[in-house]
Amino acid sequence: MMKIGKYSFGTGDRFAHEGVNQLKALIEAEKLFGVHFVPVWNKSNREHDIIGTEPISTRKEADAAVKALGYKDQYFVDADHINMHNVDRFIDCCDFFTIDVADYIGHTGTMEERFLPAIKEAGKIYRHIAGKKGADNFVTEVSMDEVDEAQTPEELRYILKEIAKEKIPVQTIAPKFTGRFNKGVDYRGDLERFEKEFEQDLLVIDEAIKEYGLPENLKLSIHSGSDKFSIYPIMGRLIRKYDKGIHIKTAGTTWLEENIGLALAAPEGLALAKKIYVNSLGRMEELTVPYATVIDVDVKALPSPEEVEKWDAETYAKVMRHNQAEPLYNPSFRQLIHVSYKIAAELKDEFLPALEKYTNVIGDQITANICERHIKRLFTE
Ligand SMILES: [Zn+2]
């Protein structure tokens, strides 16, 4: 089995341009906080479809970043949220597979009735990948997070038991936790309840390793991990208490920082960032539907195009940047931009050269965001 290190960080980005900046952030975090995170470049099938890219672009990004920085440690490319219908295009270029079986989870009945069909499907997909790639050549994650109802620790125990029976060597598992994990903004829910559930999940994982013979490095995977600042200290404290690893997936947060960097870099960058917002306002429905379970945009809180037109770069950055102490910070604006990468893809002849041209300013935003706002909160608070 290809084994992933204790702490790992999913650092995907929509346009496969920030590999170097993301890897720099993890290297910097190791220097500052003494914690090594294995980089995992994740880009979901949904993102590839919306942008019109192929999974090989993520592999190229990761390899190029590793080469550019002379990085010598382990890294992965994650086929994120795949299923039987789309896994084949990821087989050659990925070595981490997130098998998404949320659609096979039933809404009523016993645990067996609700979860067994999903786990059987995960087994089928796992064996399909193993058959093509060789069982020793990839890391397996099973994800069930994109559903409305959270899974209890008791349900997680059942799920892991059945996963073991299917002989899936799962190393990371992504349950749906209590509360809202909206994209690009903070956690919304009962923190005490989250803490209790997370702690119980860690204990369940320990038991599953001992009793069901699952891989000893099995750990929780936190999807939509971007910007969940209020739960980071809780998770950090608990994984240290129980000496457990963690996998955190972020991707959206990097795309949001690209926008901030563009706006700050030059007037033409600011104009482009504004254009992405204004275009997205007219296409809210289309952009938000694929993300219905993971965003809450308050339409009334969105500024009008006329208002945005008057903003300078600093104002744009203050509205967008996830700083809850800043009065101008607008989480609805941020969430709408989160799903607007399709607009940037349509404007790619403008957008991609701008990413290149302003990579230094953008890179500073990305590195500070991953390092100072995300990882720091896990290990120093
Ligand atoms: Zn996910």
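1. By class, six nonpolar, six polar and five charged residues form the lining of the largest pocket. In this classification Ala, Val, Leu, Ile, Met, Phe, Trp, Tyr, Cys and Pro count as nonpolar, Asp, Glu, Lys and Arg as charged, and the others, Gly among them, as polar. The pocket holds about 380 Å³ of space. It is lined by 17 residues, and N83, D100, A102, D103 and E146 are the closest to its centre. The elements α2 and β3 each give two or more residues to this lining.

2. The basis of the note is as follows. This is a predicted model, in which local features need pLDDT of at least 70 and side-chain atom pairs count only at pLDDT 80 or more, while totals for chains, interfaces and linings use all residues. Residues are numbered from 1 along each chain as its sequence is written, and side-chain values use heavy atoms, with hydrogens and water left out.

3. On a 1 Å grid over the protein atoms alone, a cavity is a set of points where a 1.4 Å probe fits but cannot get out; a pocket is an open set with protein on both sides within 12 Å along at least five of seven lines; and lining residues have an atom within 4 Å of a point. Grid points are joined across faces, edges and corners, and a volume is the space filled by probe spheres set on the points.

4. The second largest pocket has a volume of about 170 Å³. Its lining consists of I105, G106, H107, R114, F115, V147, D148, E149, A150, Q151 and E155. These divide into four nonpolar, three polar and four charged residues.

5. Two cavities of 30 Å³ or more are found in a search of the whole structure.

6. Of the 15 residues that line it, D145, K176, F181, S224 and V294 lie nearest its centre. The lining contains six nonpolar, five polar and four charged residues.

7. Helix α8 (residues 252-265) packs against helix α16 (residues 359-379) at an angle of about 135 degrees, with the axes 8 Å apart. Axes are lines fitted to C-alpha atoms, for helices over the stretch in contact, and angles run from 0 to 180 degrees between N-to-C directions. The two helices are therefore oblique to each other; angles under 35 degrees count as roughly parallel, over 145 as roughly antiparallel, 65 to 115 as roughly perpendicular and the rest as oblique. The crossing of α8 past α16 is right-handed, a crossing being left-handed if the near helix is turned anticlockwise from the far one by less than a right angle, and right-handed if clockwise. In the contact (heavy atoms within 4.5 Å), the α8 residues include T253, I260 and L264, and those of α16 include V361, I366 and R373. This contact has eight nonpolar, six polar and three charged residues.

8. Helix α7 (residues 232-241) also packs with α16, at about 40 degrees and with axes 6 Å apart. That angle makes α7 oblique to α16. Y232, P233, M235, G236, I239 and R240 of α7 make the contact with H374, R377, L378 and F379 of α16. Six of the contact residues are nonpolar, two polar and two charged.

9. The axes of α8 and helix α13 (residues 331-338) cross at roughly 105 degrees and come within 9 Å. That makes α8 roughly perpendicular to α13. G252, T253, W255, L256, E257, N259 and I260 of α8 meet R334, I337 and H338 of α13.

Notes. Helix = DSSP H or I, 4+ residues; strand = E, 2+ residues; numbered from the N terminus.
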